[in-house]
Amino acid sequence: MLGSILFLIVMLEKVIAMDLDLSPQYPQNKIFEGEAGSYEAWSSSELAELKLGGSKLVLHPRGFCLPHYADSSKIVYVLQGTEGIVGVVLPNSSEEVVLKLKKGDVIAVPLGTLSWWYNNGDSELVIVFFGETSKSYVPGDFTYFFLSGGIGIMAGFSSEFTRRAYNLKDQEEADKLAGSQTGVLITKIEEGISMPQPDNEFLHKMVYNIDAASADVEVQMGGVFKTLTSSKLPLLEQAGLSVSQVKLEANAMYSPTYTCNGAARVVYVVEGSGSVEIVGIYGQRVVDTNTEAGQMFLVPKFFAVAEIADSEGLEFLSVLTSTE
């Protein structure tokens with residue numbers, strides 16, 4: 001009996017030591033803000049502990065996020081906008097694919113993918129990024145490497161290296177190539193400059209509109225549940241992620257669920273509000289609070305989570321660190 005009591009005490013101490021703040025949060029870290037748009041990220045010790053990440057990009061009309069790659073695989077969800085454009089060069093490929101994006105679109109960005117983002121519309125383009133950071137320099141954060149601009153890789157090389165790499169005739173051309181773009185992260189494209197046009201041939205292979213998709217489960221007066229895996233969007237396999245979307249009607253409940261394959265979850269509230277509870281090790285309720293649009297919360301592996309919508313309903317997107 002004494003041995004059993006000591007075992008329980010040790011286990012409870014481990015539970016207490018895992019004191020994670022999993023409550024819903026807005027982005028805490030404003031990384032960039034300018035006339036062309038803004039970029040902010042969720043940043044916490046909990047994200048680092050679970051090796052997850054989340055960020056939000058807002059592009060004003062003609063706002064352009066400079067070409068870059070990152071140290072993490074991500075899922076991208078378009079929250080707002082109808083005239084987004086993204087250019088993508090996948091790992092081990094030399095071909096750029098240009099895609100059109102609109103509200104509800106999901107695109108996978110595997111580790112090391114080169115991309116740029118542009119708002120070709122008259123209203124804001126709002127995009128959120130979620131993913132895992134197990135290979136990142138800073139667990140819990142996405143670290144970006146820009147090709148051009150004031151903090152770009154190209155500007156870091158000497159003129160001689162740039163000249164020879166691009167077969168330029170003199171140092172002046174090399175300096176112009178490396179230093180003509182002085183923007184940082186997000187810049188505004190001048191009127192009259194044409195951008196690459198989207199290629200519809202690749203759209204269905206690389207972009208999936210989860211808002212318009214048919215429901216996997218639909219309950220009358222309750223809501224709808226949708227899943228998105230590599231069977232519908234092959235790039236998710238390369239990214240090692242999957243997505244689910246839940247839309248609850250007024251006062252409806254999403255019953256307690258857990259991931260049986262050990263995947264952690266990032267949950268983002270798209271619209272509405274409601275209450276959320278998360279229960280973890282030894283039945284400890286670690287979250288019992290309200291949540292609303294624009295907030296994100298984390299669900300560690302094997303923890304159970306449930307939500308109840310308020311009178312206006314509740315819609316949320318879950319990104320899982322698993323392809324299933």
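User: Let's start with D216: how accessible is it?
Analyst: D216 is partly exposed, at 41% relative accessibility. On that scale buried means under 20% relative accessible area, exposed is over 50%, and partly exposed is in between, using a 1.4 Å probe and protein chains only. Before we go on, this is a predicted model: local features need pLDDT of at least 70, side-chain atom pairs count only at pLDDT 80 or more, and totals for chains, interfaces and linings use all residues. Residues are numbered from 1 along each chain as its sequence is written, and side-chain values use heavy atoms, with hydrogens and water left out.

User: Ok. What does D216 form a salt bridge with?
Analyst: With K232, and the closest N and O atoms are 3.7 Å apart. A salt bridge here is a side-chain nitrogen of Lys or Arg within 4 Å of a carboxyl oxygen of Asp or Glu. K232 sits in the loop between β15 (223-228) and α7 (235-239), and D216 in the loop between β13 (207-209) and β14 (217-219), so the pair links distant parts of the chain, 16 residues apart. Those labels are DSSP runs numbered from the N terminus: helices are H or I with at least four residues, strands are E with at least two. K232 is partly exposed, with a relative accessible area of 30%.

User: How many salt bridges does the structure hold?
Analyst: Eight. One of them joins the side chains of K30 and E40, at 3.7 Å from N to O. K30 is in strand β1 (residues 29-34) and E40 in strand β2 (residues 37-41), so this pair ties together parts that are 10 residues apart in sequence.

User: And is E40 buried or exposed?
Analyst: E40 is buried, with a relative accessible area of 16%. K30, at 43%, counts as partly exposed.

User: What does R62 pair with?
Analyst: E191, through a salt bridge of 3.8 Å, N to O. R62 lies in the loop between β3 (52-59) and β4 (63-70), while E191 is in the loop between β12 (186-188) and α6 (203-206), so parts 129 residues apart in sequence are tied together. R62 is partly exposed at 26%, and E191 is exposed at 65%.

User: Which residues are linked in a network of salt bridges?
Analyst: E277, R285 and D288.

User: Now the cavities. How many are there of 30 Å³ or more?
Analyst: Two, and the largest cavity has about 80 Å³ of space. A cavity is a set of points, on a 1 Å grid over the protein atoms alone, where a 1.4 Å probe fits but cannot get out; lining residues have an atom within 4 Å of a point. Grid points are joined across faces, edges and corners, and the volume is the space filled by probe spheres set on the points.

User: Which residues line the largest one?
Analyst: Y39, L57, C65, H68, W117, F129, Y144, F146 and L185. β4 and β11 (144-146) each supply at least two lining residues. By class, the lining has eight nonpolar, one polar and no charged residues.

User: Last one: what does S322 touch?
Analyst: G240, L241, S242, N261 and A263, leaving out residues up to four places away in sequence; contact means heavy atoms within 4.5 Å. S322 is in the segment after β21 (304-320), and is buried at 13% relative accessibility.

Note on methods. On a 1 Å grid over the protein atoms alone, a cavity is a set of points where a 1.4 Å probe fits but cannot get out, and a pocket is an open set with protein on both sides within 12 Å along at least five of seven lines; lining residues have an atom within 4 Å of a point. Ala, Val, Leu, Ile, Met, Phe, Trp, Tyr, Cys and Pro count as nonpolar, Asp, Glu, Lys and Arg as charged, and the others, Gly among them, as polar.
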